[in-house]
Structures are given as C-alpha cells and as structure tokens.
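Reader: I would like to go through this model feature by feature. Please give the general idea each time, and then the case at hand.

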Amino acid sequence: MPRTDGPGDGALARAGGLIARGSLFLPFAFVALFFFVPMGWLIATSLSSHELGSAPRFTGTLEHYARFWTDPFYLETALWTTIKLSVLSTVFALIIGYVLAYYIAGLPSNRRGLLTSLVVVSLSVNIVIRIFGLNVLLMNGGLVTGALGLIGLGPMRIMYTELGVLIGLVQIAVPYVVLPLIGVLAAIDPALKEAAASVGAGRQRTFWAVTFPLSLPGVVAGTLIAFTLNAAAFAIPSLMGGGRVRMMGMMAYEQATIQGNFPFAAAIGISLTVLSIVVTAIYLVAVRRIFRTSR
C-alpha cells in the first residue's frame, strides 16, 4: 500500500526549508551587521564636521578628505610611507616566502606536513610578543647590530627607523605568503618538469617556463594578503617605529585617540581602504596582462 504524507511530514519539510534558508541567511547577516554597518558608520563619520569637545555632526562635508589629500605633510609622512613600506615588505616577503615554500613543497609528504605545521604555529604567536622578540634582536647593542659592528658596518640604528619597521612587516607577512604557495607548488605535476627536461630545458628555464607560471595563483593570493595586512599595519609601526615612522593606520589612531578628531581619522581610514582597493586592482590587471603575454 503506497505511503501518503501526513500533516507531520509537511511540517518537517517546512522546518527543513526554514533551517536551510536560515543557514544561508546567517552568514550574509553576519557580514552585513559586522562589516557593512561599521563601514557605513565610518563613511558617515568621515563626512561629518568636527568641533573640539563635541560629537561629530553629519554635514556631508569633504573637508577631511581634502585636508588629507592636499596637505604635503600627510602625503609624505603617511601616504608615501604606507605605500613604500607595504610594497617593499610584500616584495621581500614574496622572495623569502617563495624560496621557503619551494623547498618545503619538494619534501616528502611527512616532512612537508611537519614544516607546514611549524609555519602555521608561527601564526599562533601573538604579534606583540613577536615584535618584542624583534626588539631584542634589533635594539642598539643587540645581536644583529652587534654582529654588524663586528664586520665594520656599525654602529647602525635599526629600531625606530623605516628599516626596523620594514623588517617587522616582512617577518609578519612571510607565513601568509608561504602557506598558499606550498599547496600550489606541491600540486604541480612532476611530469611537466620531466617533459621540459626531456626537450633540453635546464633547471632555470624549467622553473621560469613551467613552475613559476603554474604557481602564479599562490603568488597572487600570498602577495595580496601580505600587502593588505601591511598597508593596514598598526602594531608594528607603533612598537618598532617609536612614533617616528607614521603609516596611515597609526596616524588614524593618533587622530582618534590623541587629537579626538574622529571625522579626520575616519577619512584617513576610508582613504586607506580605497588605496588598498586601487593598488590591488592595478596589481591584478598587471598580473593578468603579463600572464596572457607569457602564454
């Protein structure tokens, strides 16, 4: 005798449908509530007037953006420093990270897993603790400056300079470059390298003709993460720059907490976001054109 659906089956089906729709709705609601709402508030604050001792009042003014983008002081000390250190740290992190990932990807699976785990563990160490460790190494009379002095390159001041901040940014960014590259490099079929070698290609030609083009997805992912992290860096410029190296994130913090100028701090934050989006878009277009040209 065929089975007929009862009222209970219909209720269960409706409940299942509600749960399925809820499971799709919640992630979007979370992003909307905790990302787009604060961003909207930040944009509204950046368009508000500022009076000392009073809360920001929305007026739709662009004076804070005009102040930041036309004043040579902010362009040279914050914007240029942010772009320069972010790009340089990303390039150095890519060079160091690619070498490490290339070596790890070529290991047997058990040793590769161990070294990959060590890279992941390095991310679990609090960034402030890692910075204090760098301070011990780079401070005047520390291990690095002492060694440089022994070979005639001292005395050299590293802490509280752009070089010190750059070293800190590279140290933080390297694991984020290594992790996506390991998976991409390990997934490259060894038969492709063997085919290149069979037609007379040397190791260098095989690398530039086969390995590197196939690893571009990992290169792009790692460098984008490194650049966006370093462009918005706050702890490293604060602790390793000693207030002398001012990136945009640190300047926004100073304007909000020390000067009490929340609209100007918000304008700096929105400008930093737009800057990151523009640089990322230019980078992706350049990579796509280079990749199409090389094929």
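Reader: Is Gly-16 buried, partly exposed or exposed?

Author: This is a predicted model. Burial is read from relative accessible area, where buried means under 20% and exposed means over 50%. Gly-16 has a relative accessible area of 34%, so the residue is partly exposed. Gly-16 is found in helix α1, which covers residues 7-46. As for its place relative to Phe-212, 196 residues away along the chain, the two C-alpha atoms are separated by 47 Å.

Reader: Which class does Thr-211 fall into, buried or exposed?

Author: The cut-off of 20% applies here too. Thr-211 counts as buried because its relative accessibility is 2%. Thr-211 lies in helix α9, residues 203-214.

Reader: What is Thr-211 in contact with, leaving aside its neighbours within four places in sequence?

Author: Such a list shows which parts of the chain meet at a residue. For Thr-211 the contacts are Tyr-98, Tyr-102, Leu-185, Ile-188, Lys-193 and Thr-206.

Reader: How should I read Gly-222, and what does Gly-222 touch?

Author: Start from the helix, then take accessibility, then contacts. Gly-222 sits in helix α10. With a relative accessible area of 0%, and therefore under the cut-off, Gly-222 is buried. Not counting residues up to four places away in sequence, Gly-222 touches Tyr-176, Val-177 and Pro-180. The C-alpha atom of Gly-222 is separated by 29 Å from that of Tyr-74, which is 148 residues away along the chain.

Reader: Now the nonpolar cores. Which residues of the largest one touch the most other members?

Author: In soluble globular proteins, nonpolar side chains tend to be buried together. In this model the largest nonpolar core has 35 residues, and Val-165 and Met-240 touch the most other members. At least two residues of this core come from each of α3 (72-105), α5 (127-138), α7 (162-186), α10 (216-231) and α11 (235-241). The largest share, 12 residues, is supplied by α7. There is also a second, separate core of 13 residues, with Ala-78, Leu-79, Phe-227 and Ala-231 among them.

Reader: What does Met-240 touch?

Author: Not counting residues up to four places away in sequence, Met-240 touches several residues, including Ile-131, Leu-134, Leu-138, Tyr-160, Val-165 and Ala-235.

Reader: Tyr-160 is on that list. What is its phi, and where is Tyr-160 placed?

Author: Phi of Tyr-160 is near 65 degrees, a positive value in a residue other than glycine. Tyr-160 is placed in the loop between α6 (143-150) and α7. Its relative accessible area is 36%, so Tyr-160 is partly exposed.

Reader: How do α3 and α4 pack, parallel or antiparallel?

Author: The angle between N-to-C directions decides this, and over 145 degrees counts as roughly antiparallel. The angle between α3 and helix α4 (residues 109-124) is about 150 degrees, and their axes are 9 Å apart. The two helices are therefore roughly antiparallel to each other. At the contact, Tyr-103, Ile-104 and Ala-105 in α3 meet Arg-111, Arg-112, Leu-115, Thr-116 and Val-119 in α4. By class, this contact has 5 nonpolar, 1 polar and 2 charged residues.

Reader: Which residues does UniProt list for "transmembrane region"?

Author: A record can be set against the model span by span. The unreviewed UniProt entry lists residues 24-44, 78-101, 138-156, 163-188, 208-241 and 262-286. In the model, residues 78-101 are 100% helix and 0% strand, with end C-alpha atoms 33 Å apart. Residues 208-241 are 88% helix and 0% strand, and their end C-alpha atoms lie 38 Å apart.

Methods. Residues are numbered from 1 along each chain as its sequence is written. This is a predicted model: local features need pLDDT of at least 70, side-chain atom pairs count only at pLDDT 80 or more; totals for chains, interfaces and linings use all residues. Side-chain values use heavy atoms; hydrogens and water are left out. A nonpolar core is a set of buried Ala, Val, Leu, Ile, Met, Phe, Trp, Tyr and Cys residues joined through side-chain atoms within 4.5 Å. Buried means under 20% relative accessible area, exposed over 50%, partly exposed in between (1.4 Å probe, protein chains only). Helices (H or I, at least four residues) and strands (E, at least two) are DSSP runs, numbered from the N terminus. Contact means heavy atoms within 4.5 Å. Axes are lines fitted to C-alpha atoms, for helices over the stretch in contact, and angles run from 0 to 180 degrees between N-to-C directions. Angles under 35 degrees count as roughly parallel, over 145 as roughly antiparallel, 65 to 115 as roughly perpendicular and the rest as oblique. Ala, Val, Leu, Ile, Met, Phe, Trp, Tyr, Cys and Pro count as nonpolar, Asp, Glu, Lys and Arg as charged, and the others, Gly among them, as polar. UniProt positions are given in the numbering used here, feature names are shortened, and annotations may be inferred rather than shown by experiment.
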